[in-house]
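Visitor: I would like to learn how to read an interface and a core in a protein model. Please take one feature at a time.

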Amino acid sequence: MDADLLKETFLSLVAPDLPNDWDVEEAVENMAGLDEHRCHSIMNQVPVIWPVSHSLCFDYLKAAAGALACIEPAALPIWVNRTLDQYEKNGLRSARRFMADVEKNFLCPLRGESGLRFAEAAGRLLPYLRGLSGRKLELAAAPAVYTDTVTIFVPPEITLFQEEADNFFLYKLIITYQWAFIVQSTLTVSPSPENGKCGERAGDELWLQGFLRSFSCPELAQDLYHLLETARITRYLEEELPGLMRHKRELAALLEPVPRSGAGKPSILAALRDLLLQREEGITSSPDLMQSCRSIVSGCRSARSAHDSIRATMALYPLVQDVEPEYIPLEPLLYQGGLRLDAVRVARQALLAELEERFVDVLATRLLNLPGQSGRPAEPMFRREEQDASSPPESGIALIVAGGRDQATETAARTLLLTVNNKEIEVGEELNNLASDIISELGYLPAQYVTSAAGRAGRGYAPLRGTDEAGGMEELTAPVTYDEWDYRRADFRKNWVSLQEKDLPLLHSSFVQETLSRYHGQIVRLHRQFEMLRQAERFVRRQKEGEDIDLDAVVESLADSRAGLAGSDRLFVRLQRDRRDIAVLFLIDMSNSTQGWVGLTIKESLVLLCEALAVVGDRYGIYGFSGMRRLRSEFFHIKGLGEPYDDAVRQRIGSIAPREYTRMGPALRHATALLRRVEARTRLLITLSDGKPEDYDDYKGEYAIEDTRHALLEARAASIHPFCITIDRQAHDYMDHMYGAKNYIMIDDVRKLPRRMPELYRALTR
Amino acid sequence: MDNMRLEEHRIEQEPYYLPQGQEVALAEAAYNSGLPLLLKGPTGCGKTRFMQYLAWKLGRPLITVSCHDDLSTSDLVGRYLIKGGEAVWTDGPLTLAVRAGAVCYLDEIVEARKDTTVVIHPLADDRRELPIEKRGELLLAPPQFMLAVSYNPGYQSVLKDLKPSTRQRFVALSFAYPDPEREAEIVAREGGVTGDLARSLVKLGTMTRGLKDSGLPEGASTRLLIQAGKLMGRGIDVRPACHHAIAEPLTDDPELLQAIDEMVSSVF
Ligand SMILES: Nc1ncnc2c1ncn2[C@@H]1O[C@H](COP(=O)(O)OP(=O)(O)OP(=O)(O)O)[C@@H](O)[C@H]1O
Ligand SMILES: [Mg+2]
């Protein structure tokens with residue numbers, strides 16, 4: 001279409017506005033080669049965009065011709081709508097960027113090939129972070145990037161790049177920077193090392209917050225400090241993780257924000273950022289200031305600690321304010337994220353509260369367990385050796401922190417001494433570690449922790465204590481306590497669960513008989529299949545080596561050689577050991593969700609399985625589990641490992657019935673404990689469940705999944721192979737994580753279970 | 001014949017061993033007091049190398065037996081073989097070591113069956129004797145003989161099956177991965193890589209050791225780091241070298257594999 005005609009059409013569309021001629025000419029230039037139909041469809045969108053933004057409308061006209069190369073004119077209105085979304089959400093620049101790459105920003109998402117979601121990447125990112133930090137840091141998706149020193153928050157999705165690998169790299173980069181801010185104490189900087197790491201008391205604000213507030217414009221001070229720290233962290237990462245940073249430089253052009261076009265002078269902060277991150281292009285803008293900044297900035301190049309950045313912030317702040325009295329905020333770089341000091345404060349408070357609770361709990365337990373500590377414990381006393389080393393406590397409880405801190409390495413060579421009535425008592429590793437954690441957070445061990453522990457012990461506060469694993473297997477009457485894994489603190493909740501082993505009632509019913517006749521054909525086949533698995537211990541004769549001499553063979557060989565023949569050297573008897581040295585424990589989920597035919601089929605499967613196992617001769621036990629809340633986990637005995645498959649067992653199978661909830665961890669741990677006592681070459685723990693672990697209390701979701709997973713890891717560590725059979729209609733993504741990809745099987749149709757179960761077992765143990 | 005067998009076990013050249021602490025002095029003291037040694041520690045942290053060094057230092061041959069669950073008493077003590085129509089007794093490695101006053105090192109002792117482990121009991125206490133039942137012989141160990149066993153306490157396992165009656169006969173030395181500087185020195189020397197590369201390998205190793213709760217029971221051992229170094233020395237690029245020498249040997253889990261590869265690409 002002719003350029004003049006296009007111009008005319010455009011002007012008529014935007015009338016009565018009268019835009020500048022050149023702008024219009026420039027904008028429609030690209031459309032000159034297009035046919036009339038396309039030009040019309042482009043022009044049709046002008047009335048939609050013009051009222052929103054004139055510049056956007058011009059940009060649109062420039063970009064639209066190119067866009068039509070990959071999209072149909074009919075799709076243009078959708079594209080325009082998306083562009084306007086971008087404009088309204090993130091401004092003109094972002095809308096421009098959106099229009100610039102139709103393929104990536106518009107078509108890929110339309111086809112469902114958008115960027116990388118956090119959920120997809122988390123499985124790789126989390127171990128990466130854990131390896132990097134060597135401690136328990138969490139990852140979570142959030143609208144903005146930041147960290148509260150406990151969790152690193154990353155975008156729910158990254159779509160910046162076309163390639164998934166690049167988007168993944170950006171996740172990795174964000175996480176690495178946030179991790180570095182944590183380990184390099186950017187957020188927990190303190191004025192002087194003497195005050196401990198942070199110098200703050202629980203509940204108080206961070207030292208950094210107070211520092212920033214002392215400026216007339218705290219936001220500016222914060223931006224400066226954050227910039228200086230980002231520069232320092234960048235240098236730190238260059239040294240620590242050169243591979244990462246090399247890749248970052250390769251992608252730099254895409255990672256850094258698009259430089260502002262046009263006349264707008266970059267703000268002083270933006271210029272400083274360029275200077276600090278050594279991007280020379282930006283420096284021209286404000287030469288006089290840069291001159292004075294330069295010397296400070298070059299001083300910053302050698303900054304080794306957050307405290308150096310604090311000093312540099314104080315030096316830079318007045319210079320910046322002189323040149324640019326009005327604060328112009330600067331969008332942080334994507335990987336830099338924001339500084340959320342309030343979130344840090346809250347997270348650290350929670351951490352301290354938890355540390356305090358655990359410390360008091362453990363110390364109280366320790367005090368209660370002191371020999372001869374009946375009645376009221378002595379009055380608490382507390383002191384720190386440095387302050388009061390001369391007068392040893394005469395009576396009462398004292399907790400003494402001995403040994404200094406080695407500030408240079410941040411490692412604390414402390415010993416905790418517990419003195420009760422002037423007698424020194426072993427504190428134990430747990431208490432020592434907790435105290436160490438508290439001191440590294442707070443800089444000291446608050447006296448009231450000791451007081452409250454003594455108080456709690458005095459009130460006869462008795463936390464659950466572990467009983468020894470004891471008693472016969474069948475009639476375990478005393479409850480057993482188990483630890484439970486708390487993924488949030490990456491540690492066990494000690495003696496958290498109380499589990500009771502119980503007998504299932506005998507139930508006279510025709511259930512087993514009916515099952516046997518119903519599956520008659522199947523059972524005959526099972527017998528044959530399983531017979532082939534059977535193998536006994538036997539002696540094999542005429543071996544080249546073995547435990548004993550095969551006398552027959554020797555005599556024969558001697559005779560042979562006397563006769564001038566070469567005697568055989570196969571003269572030994574060897575004990576061929578039973579290759580099927582297997583012990584297996586079946587653990588049946590008896591939660592109420594198995595109500596109905598699920599439960600019935602599980603019982604039928606057990607009957608079939610017992611028939612098959614009777615043939616093969618493996619040792620096996622069957623137990624059920626259910627319960628409610630952590631203090632009432634129940635473990636039902638159906639068949640012990642050494643017990644024969646007799647009438648009583650059949651009746652107990654008949655009386656399996658749905659009960660309460662599925663607290664998986666303790667049941668797995670108890671089953672593991674039972675299996676540990678059995679000597680067998682292969683020990684298997686097969687769980688039969690109908691879905692998620694869940695209890696009435698907070699044993700749900702991630703917590704329950706992580707505890708179950710951990711219990712399975714513990715089983716594996718005890719050389720027990722866990723395997724889970726799950727009856728569920730749909731696959732859940734947590735299954736792989738919980739059981740490990742090869743260690744479970746989903747059965748989508750419960751009716752298949754009676755057939756599948758023996759097959760599975762055979763495959764597992766072949 | 002036995003003399004020949006023995007000579008093979010003599011260590012002529014000083015093995016390279018970088019001490020981590022007092023272990024050499026402790027082991028020598030144990031040797032001089034006729035006490036057996038128990039070495040614990042994760043795989044590939046230098047236990048075997050330490051024994052080689054110790055045997056060299058003591059000037060004794062070193063006889064190593066890798067234990068497995070089919071290892072029988074006769075595999076250790078000896079058995080009759082028929083030679084030329086006659087039954088000839090042949091000493092097992094343990095007996096050989098006792099007779100010759102050598103150092104006998106039973107690697108991964110927990111893998112052996114319980115009934116096998118008990119034959120070392122009388123050797124490991126102050127009797128220092130080895131009964132050879134089939135021959136009706138009772139061997140008394142000379143002062144030069146030393147018994148050493150090793151095991152890997154492993155991931156969270158409560159002293160995997162080693163019975164207290166066995167454990168409580170030994171002087172125990174606990175081995176861990178050396179501190180980063182020393183480990184880098186070892187990796188540089190044994191793997192034949194530069195100091196910088198060795199330090200990066202150690203950094204990577206340390207990262208993988210932080211993956212306990214992510215499903216990796218044990219992180220990369222010094223041995224794996226050395227092996228990665230050796231591949232690099234043969235011209236394999238860093239990433240494939242680390243992938244094949246470190247990531248793959250550690251795990252089959254696809255996510256963990258990727259996470260380790262990511263660590264590699266960050267570190268190098
Ligand atoms: N302290 C050390 N000094 C010198 N080399 C060492 C040291 N520690 C480890 N190495 C190197 O690491 C390699 C592996 O060590 P070694 O074979 O002794 O491990 P290990 O503890 O016996 O392992 P495993 O339990 O798997 O048998 C050695 O070959 C050696 O190159
Ligand atoms: Mg070894």
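This is a predicted model: local features need pLDDT of at least 70, side-chain atom pairs count only at pLDDT 80 or more; totals for chains, interfaces and linings use all residues.

Guide: Residues are numbered from 1 along each chain as its sequence is written, chains are lettered from A and ligands numbered from 1 in the order in which they are written, and side-chain values use heavy atoms, with hydrogens and water left out.

Visitor: What area is buried between chain B and chain A?

Guide: The size of an interface is often given as the accessible area lost when the parts come together. Buried area is that loss, found with a 1.4 Å probe and summed over both parts. Between chain B and chain A about 3,000 Å² is buried, and carbon and sulfur atoms give 51% of this. In terms of contact (heavy atoms within 4.5 Å), 35 residues of chain B meet 37 residues of chain A.

Visitor: How many salt bridges are counted between chain B and chain A?

Guide: A salt bridge is a side-chain nitrogen of Lys or Arg within 4 Å of a carboxyl oxygen of Asp or Glu. The count between the two chains is 2. B:Glu262 forms a salt bridge with A:Lys172, with the closest N and O atoms 2.6 Å apart.

Visitor: Which residues touch the most other members of the largest nonpolar core?

Guide: In soluble globular proteins, nonpolar side chains tend to be buried together. A nonpolar core is a set of buried Ala, Val, Leu, Ile, Met, Phe, Trp, Tyr and Cys residues joined through side-chain atoms within 4.5 Å. Buried means under 20% relative accessible area, exposed over 50%, and partly exposed in between (1.4 Å probe, protein chains only). The largest core has 103 residues, and A:Trp179, A:Leu237, A:Leu241 and B:Ile246 touch the most other members. Leaving aside neighbours within four places in sequence, A:Leu237 has contacts that include A:Trp179, A:Ala180 and A:Met245. A second, separate core of 43 residues includes A:Phe636 and A:Met757.

Visitor: Is A:Ala711 buried or exposed?

Guide: A:Ala711 is buried, with a relative accessible area of 1%. Not counting residues up to four places away in sequence, A:Ala711 touches A:Gly665, A:Leu668 and A:Arg669.

Note on methods: Buried area is the accessible area (1.4 Å probe) that two parts lose on being put together, summed over both.
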